[in-house]
2 protein chains.
Amino acid sequence: MQAKVKWVGGLQFVGESETGHAIVMDADTEVGGGNTGMRPTELLLVGLGGCSGMDVASILQKKREQVTGVEVNIKGEKADTHPKKFTDIEIEYIVSGKNISEEAVKKAIDLSMEKYCSVKATLEGVAKITYSYRIVRI
Amino acid sequence: MQAKVKWVGGLQFVGESETGHAIVMDADTEVGGGNTGMRPTELLLVGLGGCSGMDVASILQKKREQVTGVEVNIKGEKADTHPKKFTDIEIEYIVSGKNISEEAVKKAIDLSMEKYCSVKATLEGVAKITYSYRIVRI
């Protein structure tokens, strides 16, 4: 897997992936950036949510659960001193649907966290990752 | 730091960060995705390049080096078996400019890798991260 990033100006960078997509990254105005795009550290949290969210949506659909929504909230705590690595990451899943089985939701999340999610498996070497879920029955 | 991701349909998710930006993530068509956005795992590589690229551009500008370009190429190797975590990540920096000091470039990269880059410090618990640089004098 390959990617490249290019400096545009200020602290703005454009990242391009092998699959043909591009995103803008920028720093906070307080440190001289222009806030024209996500912080690189935010990409880790968004990537974690996306990776695990895809697992959960996919597993529940395979189980023929009538899922209408999957939202993932991710909170990251960083160390106070440089390099300010992530120390704790908390994930909350909110799964909506009709007659959703709680057991199926729990099992899908556990499978993602323990078996399938590459991002979680890469981040957990340094950060402690915890998770919880809520089911919204519609 | 907080972020949220929401399922759109298929395996497409939209991630939103606390700083007000959004990105689309999607899976490969081979696994049922639509390839409408980056893979979540690609975000880790792009985030690593952006994080360190910002450090390098910023440090070199503070040193009054006449930098005209900073590009960062990132290659990631993943394990073959689930959860397919990143095992090795290789970063190549290409710094362009006039009368650029190689020592300054080397120092800036070392400072980013060893001291400042949060993403590197978070990823290196699991993945082995190596780096090299090229200077293009214009």
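Predicted model: local features only at pLDDT ≥ 70, side-chain atom pairs only at ≥ 80, totals over all residues.
I began with a strand pair in chain A: β5 (residues 86-98) runs parallel to β6(A), and I count 10 bridges between them.

**Entry 1**

Glu90(A) has Thr130(A) as its bridge partner in β6(A). Ile91(A) sits opposite Tyr131(A), also in β6(A). Then I went to the pairing of β5(A) with β4(A), which is antiparallel and covers 12 bridges. There, Asn73(A) is partnered by Glu92(A) of β5(A).

**Entry 1: the whole sheet**

In what order do the strands of the open sheet come? I read it as β6(A)-β5(A)-β4(A)-β1(B)-β2(B)-β3(B), 6 strands with mixed pairing. The edges are β6 (128-137) of chain A and β3 (22-25) of chain B, each of which pairs on one side only. From one strand to the next, the twist averages 20°.

Lys6(A) has its bridge partner in β4(B), namely Glu71(B). β1(A) is also antiparallel to β2 (residues 12-17) of chain A, with 6 bridges, and Val5(A) faces Gly15(A) of β2(A). The hairpin of these two strands leaves 2 residues between them, and Gly10(A) there has a positive phi near 60°.

**Entry 2: helices on the sheet**

Next I looked at what lies over the strands. Helix α1 (residues 40-62) of chain A lies across strands of both chains: β4 (66-78) and β5 of chain A, plus β1 (2-9), β2 (12-17) and β3 of chain B. Its direction is about 155° to β4(A). Helix α2 (residues 102-116) of chain A lies across β5 and β6 of chain A and runs at about 155° to β6(A).

I did a length check on α1(A). Is α1(A) mostly covered or mostly open? Mostly covered: 21 of its 23 residues are buried.

**Entry 3: how α1 and α2 pack**

I noted the angle and the axis distance, since two packed helices are described by those. For α1(A) and α2(A), the angle is about 135° and the axes are 9 Å apart. The two helices are therefore oblique to each other. The crossing is right-handed. On the α1(A) side I found Ser52(A), Asp55(A), Val56(A), Ile59(A) and Leu60(A). They meet a set of α2(A) residues, among them Ala104(A), Ala108(A), Ile109(A), Met113(A) and Tyr116(A).

**Entry 4: the interface**

How many residues of chain B are in contact with chain A? I get 61, against 62 residues of chain A. On chain B, at least two residues each come from β1, β2, β3, α1 (40-62), β4 (66-78), α2 (102-116) and α3 (118-123). α1(B) contributes the most, with 15 residues.

**Entry 5: chain A overall**

Chain A holds 3 helices and 6 strands, in the order β-β-β-α-β-β-α-α-β from the N terminus. Its C-alpha atoms fill a box of roughly 50 × 35 × 30 Å along the principal axes. Of the 138 residues in chain A, 48% are buried. Looking at contacts with a separation of 6 or more, I see 52% between residues 24 or more positions apart.

I then went through the loops. The bond joining His82(A) and Pro83(A) is cis, with omega about 5°, and Pro83(A) sits in the loop between β4 and β5 of chain A. I found a cis bond from His82(B) to Pro83(B) too, omega near 5°. Pro83(B) belongs to the loop between β4 and β5 (86-98) of chain B.

Two asparagines have positive phi. Asn35(A), in the loop between β3 (22-25) and α1 of chain A, is at about 50°. I get 16 other C-beta atoms within 10 Å of Asn35(A), so it is partly exposed. Asn99(A) has phi near 50° and lies in the loop between β5 and α2 of chain A. Is Asn99(A) buried or exposed? It is exposed, because 8 other C-beta atoms lie within 10 Å.

Definitions and conventions
Residues numbered from 1 in each chain as written. Chains lettered and ligands numbered in written order. Pairing = 2+ DSSP bridges. Helix = DSSP H or I, 4+ residues; strand = E, 2+ residues; numbered from the N terminus. Axes fitted to C-alpha atoms, helices over the stretch in contact; angles between N-to-C directions. Contact = placed C-beta atoms within 7 Å. Buried ≥ 20, exposed ≤ 12 C-beta atoms within 10 Å, placed from the backbone. Parallel < 35°, antiparallel > 145°, perpendicular 65-115°, else oblique. Left-handed = near helix turned anticlockwise from the far one by under 90°.
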